[in-house]
Amino acid sequence: MNTENFTGKAEAYAKYRPSYPSSVYEYILTECGLPQKPVFADIGAGTGIFSLPLLKAGYKVYCVEPNADMKRRLDENTSAFENCVTLSSAAENTALKDAAVDCIAVAQAFHWFDRQAFKSECRRVLRENGIVVLLWNSRVEDELLIRLEKANERHCPKFKGFSGGVRRCDAAQFDDFFSERCNLLFFDNDLYYEGADAFAGRCLSGSYALKPDDIGYEAYVKELREIYAEFESDGRLKMKNRVEMYVGKA
């Protein structure tokens with residue numbers, strides 16, 4: 001079940017997964033035709049990484065997360081915000097009321113959903129002129145990424161490519177979801193890891209990554225540390241990264 005892919009990963013996810021640049025939020029808030037005080041739904045919210053900047057800015061956000069481990073960390077991270085409502089629901093059946101939100105955001109999670117069932121749910125819960133935003137922190141292909149990809153292929157049976165194998169830079173791949181061709185935008189978001197622990201921790205937060213009790217875990221971590229040593233410079237490793245964002249109507 002897709003909802004269990006991140007069981008046991010919440011701590012690493014919260015600690016090592018990257019956030020999103022302010023330019024992403026600025027674009028959503030100013031360039032997408034949303035009302036002055038839009039209401040958001042963060043579907044597959046994980047530990048709340050995408051929602052926190054919106055909550056801090058005072059926007060109301062419904063955070064929907066079906067995985068129990070992730071939901072516990074989500075509740076901890078958002079407990080101080082009265083403008084946050086968290087729900088233990090699936091993307092295809094969010095438990096939100098009809099026409100409840102102006103913008104549905106899906107960060108790092110759309111590839112786990114049943115597209116057509118989620119499309120129907122989006123149409124139900126979105127207000128008139130509401131939008132859907134799909135976004136991924138996407139590593140830029142270079143020698144480091146190729147090396148890491150090969151390591152994952154060797155050690156991780158569940159590895160099918162980064163972000164579940166989502167094709168990069170291709171708006172047409174979502175034509176069966178959006179009602180018309182969506183807008184594709186890119187935002188620079190290079191990542192920096194200071195120390196092998198941070199780099200390995202980010203890798204281990206992946207849904208496909210081995211867990212400590214899996215066979216081959218120690219060998220996998222050893223190779224991740226070797227990759228860090230191979231590519232680090234002056235005590236840190238730079239991974240080229242950008243946010244890919246797809247915006248449109250369901």
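A salt bridge is counted here wherever a side-chain nitrogen of Lys or Arg lies within 4 Å of a carboxyl oxygen of Asp or Glu. By this rule the structure holds 14 salt bridges. The structure is a predicted model, in which local features need pLDDT of at least 70 and side-chain atom pairs count only at pLDDT 80 or more, whereas totals for chains, interfaces and linings use all residues. Residues are numbered from 1 along each chain as its sequence is written, and side-chain values use heavy atoms, with hydrogens and water left out.

## The chain as a whole

The protein chain has eight helices and nine strands, where helices (H or I, at least four residues) and strands (E, at least two) are DSSP runs numbered from the N terminus. Along the principal axes, the C-alpha atoms fill a box of roughly 50 × 30 × 30 Å. The radius of gyration, taken over C-alpha atoms, can be compared with a globule rule of 2.2 Å times the number of residues to the power 0.38; for 250 residues a compact globule would have a value near 18 Å, and the 18 Å of the protein chain agrees with this.

Of the 250 residues, 54% count as buried, a word that means under 20% relative accessible area, while exposed means over 50% and partly exposed lies in between (1.4 Å probe, protein chains only). Contact means heavy atoms within 4.5 Å, and among the contacts with a separation of 6 or more, 75% come from residues 24 or more positions apart.

Two strands pair if DSSP finds at least two bridges between them. Strand β1 is joined by four bridges to strand β2 (residues 61–64), and the two run parallel, with Phe40 standing opposite Val61.

## Salt bridges in detail

Side chains of opposite charge can pair when their charged atoms come close.

| Pair | Distance, N to O |
|---|---|
| Asp69 and Arg72 | 2.3 Å |
| Arg73 and Glu76 | 3.3 Å |
| Arg115 and Asp176 | 2.7 Å |

Asp69 and Arg72 are three residues apart in helix α4 (residues 68–78), so about one helical turn separates them. Asp69 is partly exposed at 22% relative accessibility, and Arg72 is partly exposed at 49%. Arg73 and Glu76 are likewise three residues apart in helix α4, and therefore about one helical turn separates them; Arg73 is partly exposed at 24%, whereas Glu76 is exposed at 53%.

Arg115 and Asp176 also meet in a salt bridge. Because Arg115 lies in helix α5 (residues 115–125) and Asp176 in the loop between α6 (143–155) and β6 (183–188), the pair ties together parts that are 61 residues apart in sequence. Arg115 is partly exposed at 25%, and Asp176 is partly exposed at 38%.
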